[in-house]
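Have the viewer open beside you and follow along.

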Amino acid sequence: MNKILFLIIALVGSLVLPTSLQAQTQRTLTLEESIEIAKDSSPLARAANFELISSKWRYRSFRADLLPSLSLSGDAPNYNKSIFSNIQDNGSLIFSSRTQSEASVDLSIQQSIMPTGGNLSLSSGITRLGIFEGENTYLWQSTPLVATYRQPLFQFNSLKWRNRTEPLRYEIAQKQYVEDMEDLAFTTAQSFFDFLLAKINVEVADFNVTVNDSIYNISQGRYQVGSIAENDLLQSELQLRNAETSLTTATLNFQRAEENFKALLGIPDGVDIEVLAPEEAPELNIDVDKALGLAQKNNSTALEFQLSEIQANQAYDQAKKAAGFSATIQASYGLNQTSEDFDRLYEDPQNRQFFSVGFQVPIFNWGKNTAEIQAARNQQAATANTITYQKLQFDLNVRSTVREFSQLQNQVELAKQSDEIAERRYDVAKNRYLIGKIDVTNLFIAQNEKDSARRSYIQALRNYWTGYYNLRRLTLYDFQADSPIVINDEN
């Protein structure tokens with residue numbers, strides 16, 4: 001029974017293993033499948049994903065700045081033995097030695113006040129002082145609670161400006177991630193058709209070598225019987241040699257295109273790739289104004305314009321605040337107590353108050369503040385004008401892309417018809433040549449037109465699909481599904 005079971009397992013394994021191995025070493029891909037693989041496995045997709053994750057953590061860091069923070073600080077036992085000078089009442093100078101240690105710990109909570117730029121903190125701490133002079137003495141100091149508020153006046157409020165820029169930066173990062181994915185789709189479409197065209201060139205060149213070799217053999221026979229001139233024989237031989245050269249060049253280009261395509265998709269070198277040309281180019285009627293509105297709404301460029309305006313206003317506000325009068329008010333209130341006995345350290349704590357006002361008034365600095373304000377103001381105006389021009393260029397780019405795409409569908413259809421006509425014409429010319437109705441020159445003309453029409457058709461498909469994905473990355477809209485392209489946030 002064991003032998004029979006072993007034979008069955010071996011037989012099943014021999015049938016299944018080649019299929020799985022073939023699945024690992026050979027793949028046939030359509031354009032859509034290639035794009036999906038690129039989005040899942042391409043190094044560019046992983047890089048875009050890490051960029052998005054980094055932006056998310058930067059935004060979380062900013063959000064944490066708006067919340068209370070808890071910190072613990074202190075000193076481990078700090079031992080100090082030193083000699084210091086001491087002036088007596090009669091003016092004489094003596095030297096004394098001092099040996100002591102100090103240890104402290106403080107727990108504090110801080111909260112930034114975004115609208116005003118102030119800071120509120122609550123802290124509690126304890127300190128132990130040890131004096132080693134003859135009989136060791138230990139003193140304790142406690143601050144059960146100290147509340148402190150610090151308020152800048154007429155100063156630049158960075159947290160308030162960050163509250164405007166950081167959410168916008170994160171929104172831009174999210175849109176840029178979708179744009180990066182669509183840009184990857186655009187690049188994949190380009191590489192897909194480069195690979196497909198290289199494959200077509202190899203097939204055409206290999207076919208031409210086979211056909212031209214047959215034509216050359218036929219020409220040799222006809223020359224020997226005197227039905228064609230030597231010039232026609234030499235022309236057919238030259239065409240054969242050119243076809244062989246074209247095959248060598250096409251093979252090298254195919255290998256390079258295949259390597260680039262695999263690298264973009266993250267496919268190992270050991271896997272053989274076969275690509276299938278799209279059977280059709282879907283007819284999409286895209287309204288120019290609708291596409292422009294979608295681009296203005298969805299594309300990160302519009303948000304980047306908004307961010308640039310905010311940053312220019314921020315720089316101007318900072319320069320203006322730095323050049324004027326500024327002050328800082330700080331007040332604190334709390335309780336503290338000292339004792340030689342730790343058990344009585346928190347009995348009857350004493351009040352502790354602190355209040356201070358600091359100010360700074362620039363008087364004269366050789367016009368530096370005025371220069372800084374004027375520079376920021378003019379930069380603000382320059383940014384506004386640059387954004388106006390960039391918005392105009394962006395709108396023109398979208399409109400031009402839509403208009404060009406509307407013509408690509410017709411070009412694909414015309415190129416397909418031309419390819420079919422050229423293929424039929426070549427078949428007719430070849431048959432007429434075989435029965436001696438036309439000379440070799442006309443046959444080669446039909447052959448070259450067939451090859452050119454085939455390449456033109458693939459190029460028309462390439463233009464259509466790259467144009468489509470270019471339009472998608474501008475508008476972040478799937479026109480086939482009639483839905484916006486949104487982020488799949490699983491990070």
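This is a predicted model: local features need pLDDT of at least 70, side-chain atom pairs count only at pLDDT 80 or more; totals for chains, interfaces and linings use all residues.

**Entry 1: ground rules and charges.** For the charge count I took Lys and Arg as positive and Asp and Glu as negative, leaving out His and the chain ends. I placed each charge at NZ of Lys, CZ of Arg, CG of Asp or CD of Glu. On that basis, the mean positions of the 45 positive and 59 negative charges of the protein chain are 3 Å apart.

Residues are numbered from 1 along each chain as its sequence is written, and side-chain values use heavy atoms, with hydrogens and water left out.

**Entry 2: the whole chain.** Along the principal axes, the C-alpha atoms fill a box of roughly 140 × 80 × 50 Å.

I noted the accessible surface as about 29500 Å², with 53% of it belonging to carbon and sulfur atoms; the areas come from the Shrake-Rupley method with a 1.4 Å probe, and for residues only the protein chains shown count as cover. Of the 491 residues, 35% count as buried. Buried means under 20% relative accessible area, exposed means over 50%, and partly exposed lies in between (1.4 Å probe, protein chains only). Among contacts (heavy atoms within 4.5 Å) between residues at least 6 apart in sequence, 76% join residues at least 24 apart.

Entry 3: Strand E3 (residues 93-113) pairs with strand E4 (residues 118-133) in the antiparallel sense over 14 bridges; a pair needs at least two bridges found by DSSP. I picked out Ser 101, whose bridge partner in E4 is Gly 130. The hairpin has 4 residues between the strands, and Gly 117 there takes a positive phi near 80°.

**Entry 4: Gln 151.** Gln 151 sits in strand E5 (residues 135-153). Is Gln 151 buried or exposed? It counts as buried because its relative accessibility is 11%. Beyond four places in sequence, Gln 151 touches Thr 116, Gly 117 and Gly 118, along with Ala 327, Thr 328 and Ile 329.

**Entry 5: Ser 356.** I found Ser 356 in strand E8 (residues 350-360). Ser 356 has 26% relative accessibility, so it counts as partly exposed. Leaving out residues up to four places away, its contacts are Thr 328, Ile 329 and Gln 330. Ser 356 and Ser 332 are 24 residues apart in sequence, with 9.2 Å between their C-alpha atoms.

**Entry 6: two positive phi values.** Most residues other than glycine have a negative phi. Phe 154, not a glycine, has a positive phi of about 60°. Phe 154 is in the loop between E5 and helix H4 (158-225), and is exposed because its relative accessible area is 54%.

**Entry 7: Ile 485.** Leu 476 turned up again among the contacts of Ile 485, which include Val 178, Glu 182 and Arg 472 too. Ile 485 is in the segment after strand E10 (483-484). With 17% relative accessibility, Ile 485 counts as buried. Its C-alpha is 12 Å from that of Ala 295, 190 residues away along the chain.

**Entry 8: E1 and E6.** Strand E1 (residues 26-29) runs parallel to E6, joined by 4 bridges. Thr 28 stands opposite Glu 274 in E6. Which residues of strand E6 (residues 272-275) form the covered face? I noted Ile 273 and Val 275 there, with Asp 272 and Glu 274 on the uncovered face. In a regular strand the side chains alternate between the two faces of the sheet.
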